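Please take a moment with the sequence and the structure shown below before reading on. The paragraphs after them walk through a few places in the chain, one after another.

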Amino acid sequence: MNQEKIGRFIASCRKECGYTQASLGEKLGITDRAVSKWETGKSIPDASIMLELCNLLKISVNELLTGEHIAMENYKEKAEENLLELQEKKVKAQKSLFRTELVFISIAILLAPIHLAINYYYPNNSGTGVGLLLVIIGIIMFVIHFFRNYEIKLK
């Protein structure tokens, strides 16, 4: 999927339908900055709002993911291409997430014995804050990982 092509397509469809970025964002319950990110190719619409976006822009999801209007004779072929690309993207994201989680687990497993070794070999190090420092580093790494890879939705 070419995000820039999709972005240009969203922008042209939005203008054809007479929406501003702000009005389209308002109808979708998002900010105009999110719409701007789509149109500049920095991101693509979330799957949870794709159908509503397509209905507002009077296009199909297949056309949205392709970034162009599709003739009926090419429709099935383009749909299959888009499904394959989405599946590949999902698999890559899952592998990346798994690798990141594996790194965090490895670091946590390494930090615990290091902390115990420091306390064993230097029993008079109370008040140095080494243990607290290790805990803070672990928490910061977890929070960064969580916010990068998981979406929080408030009801």
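The model is a predicted one, in which local features need pLDDT of at least 70 and side-chain atom pairs count only at pLDDT 80 or more, while totals for chains, interfaces and linings use all residues. Residues are numbered from 1 along each chain as its sequence is written, and side-chain values use heavy atoms, with hydrogens and water left out.

We can begin with charged side chains. Side chains of opposite charge can pair when their charged atoms come close. A salt bridge here is a side-chain nitrogen of Lys or Arg within 4 Å of a carboxyl oxygen of Asp or Glu, and by this rule the count comes to two.

To describe how open a residue is, buried means under 20% relative accessible area, exposed means over 50%, and partly exposed is in between (1.4 Å probe, protein chains only). Glu-68 is partly exposed, with a relative accessible area of 26%, and Lys-5 is partly exposed as well, with 29%.

The other salt bridge is formed by Glu-39 and Arg-14, whose closest N and O atoms are 2.5 Å apart. Here too the pair links distant parts of the chain, with Glu-39 in helix H3 (residues 32-39) and Arg-14 in helix H1, 25 residues apart. Glu-39 is buried, with a relative accessible area of 12%, and Arg-14 also counts as buried, at 8% relative accessibility.

Next come the helices themselves. Two packed helices are described by the angle between their axes and the distance between the axes. Axes are lines fitted to C-alpha atoms, for helices over the stretch in contact, and angles run from 0 to 180 degrees between N-to-C directions. H1 and H3 pack at an angle of about 125 degrees, with their axes 7 Å apart. That makes H1 oblique to H3, because angles under 35 degrees count as roughly parallel, over 145 as roughly antiparallel, 65 to 115 as roughly perpendicular and the rest as oblique. Where contact means heavy atoms within 4.5 Å, Gln-3, Gly-7, Arg-8, Ile-10, Ala-11 and Arg-14 in H1 meet Val-35, Trp-38 and Glu-39 in H3.

Helix H2 (residues 21-28) and helix H4 (residues 47-57) have axes that come within 10 Å and cross at roughly 130 degrees, and H2 and H4 are therefore oblique to each other. In this second contact, Leu-24, Lys-27 and Leu-28 of H2 meet Ile-49, Glu-52, Leu-53, Leu-56 and Leu-57 of H4.

Two single residues close the walk. Arg-8 is found in helix H1 and counts as exposed, at 52% relative accessibility. Lys-58 has its place in the loop between H4 and H5, where Lys-58 is exposed, with a relative accessible area of 66%. The phi of Lys-58 is near 60 degrees, a positive value in a residue other than glycine.

Key:
Helices (H or I, at least four residues) and strands (E, at least two) are DSSP runs, numbered from the N terminus.
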